[in-house]
Amino acid sequence: MISLSQVTVRYGDVTAVSDVSLTVPPGFVLAVSGPSGAGKSSLLWAIAGAVPVAKGQVEVDGLVITDRPAAAAHGVVLIPQGNGLARVLTARENLSIPLLAERKPNDEVERTIDQALTGVALEESGDHLVEELSGGEQQRVAVARGIAQQGRVILADESTSELDGTNRERVLDLLHAEARRGAAVIIATHDPAVAATAHGHATMAEGHLNWLRRI
Ligand code: ADP
Ligand code: ADP
């Protein structure tokens with residue numbers, strides 16, 4: 001369960017997120033849409049502890065994590081826009097880093113990576129360097145890395161923007177499966193078709209959140 005109350009993010013004089021309150025219970029997917037610059041990424045970064053929260057509070061399962069750098073330690077997983085992968089490492093290596101940081105045993109890490117790569121239909125590409133993969137393949141690796149972490153909260157920032165129809169469906173199915181497993185999922189997206197698949201749908205404009213369909 002992720003809960004925000006009146007969260008505000010500022011960059012100097014720019015208010016990127018203004019007084020946003022929302023709750024996504026386990027098992028639910030919320031889509032956040034809106035034009036470029038509306039504050040969607042900043043909202044996800046605030047939840048992930050990647051930008052300071054000027055005002056308000058972020059809670060995961062009742063625990064306040066506002067501004068704690070270790071959001072990941074509380075099960076918050078961000079799949080960043082632009083994928084955030086290390087280009088000179090292989091897909092497998094990229095997936096292994098967060099898992100090894102959690103001190104999972106090696107054989108379990110390998111199994112989890114196999115499953116996650118199979119989930120995005122890249123089981124043959126694990127040993128390719130990220131820089132050898134296409135933009136869409138890199139995006140699927142980033143999704144696999146996010147899914148492999150089995151987060152309590154999954155934040156997907158435009159994670160289908162470079163995908164064709166089949167792979168978009170595949171990634172959406174994976175994010176919904178994460179919700180069925182018990183995660184709370186937030187998807188930032190430009191794509192109305194993606195937003196339509198979510199349980200709840202809100203739009204952002206100039207940092208303000210407006211509900212179109214409540215969870
Ligand atoms: P409105 O403000 O549209 O009349 P409410 O009074 O029900 O609707 O909403 C009060 C606040 O609760 C709003 O700030 C809204 O953002 C927040 N809110 C509404 N639905 C949800 C939800 N599913 N999860 C979290 N917060 C919500
Ligand atoms: P979206 O994801 O909806 O495109 P962003 O969260 O990226 O929106 O941006 C919201 C606002 O914050 C925009 O006005 C953007 O220019 C500004 N912004 C985003 N990141 C930074 C930053 N690191 N420093 C200063 N301003 C930023």
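How do the residues of the shell around ligand 2 divide into nonpolar, polar and charged? In this predicted model, six of them are nonpolar, five are polar and one is charged. This briefing describes that shell and then turns to His176, which is found in helix α5.

**The shell around ligand 2**

- The residues around ligand 2 include Tyr11, Val14, Ala16 and Trp45.
- Also among them are Pro35, Ser36, Gly37, Ala38, Gly39, Lys40, Ser41 and Ser42.

**Backbone atoms beside ligand 2**

- For Ser41, a backbone N or O atom is placed 2.8 Å from an oxygen atom of ligand 2.
- In the case of Gly39, the distance from a backbone N or O atom to an oxygen atom of ligand 2 is 3.0 Å.
- Ala38 likewise has a backbone N or O atom 3.1 Å from an oxygen atom of ligand 2.
- Ligand 2 taken alone exposes 560 Å², and the protein buries 59% of that area.
- Two or more residues of the shell are given by each of the elements β2 (14-24) and α1 (40-48).

**His176 in helix α5**

- Helix α5, in which His176 is found, covers residues 165-181.
- His176 has a relative accessible area of 16%, and it counts as buried because this value is under 20%.
- When neighbours within four places in sequence are left aside, His176 is in contact with Val29, Thr197, Ala198 and His199.

Methods
Residues numbered from 1 in each chain as written. Chains lettered and ligands numbered in written order. Predicted model: local features only at pLDDT ≥ 70, side-chain atom pairs only at ≥ 80, totals over all residues. Heavy atoms only, no water. Near = heavy atom within 4 Å. Polar contact = N/O pair within 3.5 Å; in protein donor to acceptor, adjacent residues only side chain to side chain. Areas by Shrake-Rupley, 256 points an atom, 1.4 Å probe, with all protein chains shown as cover. Helix = DSSP H or I, 4+ residues; strand = E, 2+ residues; numbered from the N terminus. Nonpolar A, V, L, I, M, F, W, Y, C, P; charged D, E, K, R; others polar. Buried < 20%, exposed > 50% of the residue type's maximum accessible area, 1.4 Å probe, protein only. Contact = heavy atoms within 4.5 Å.
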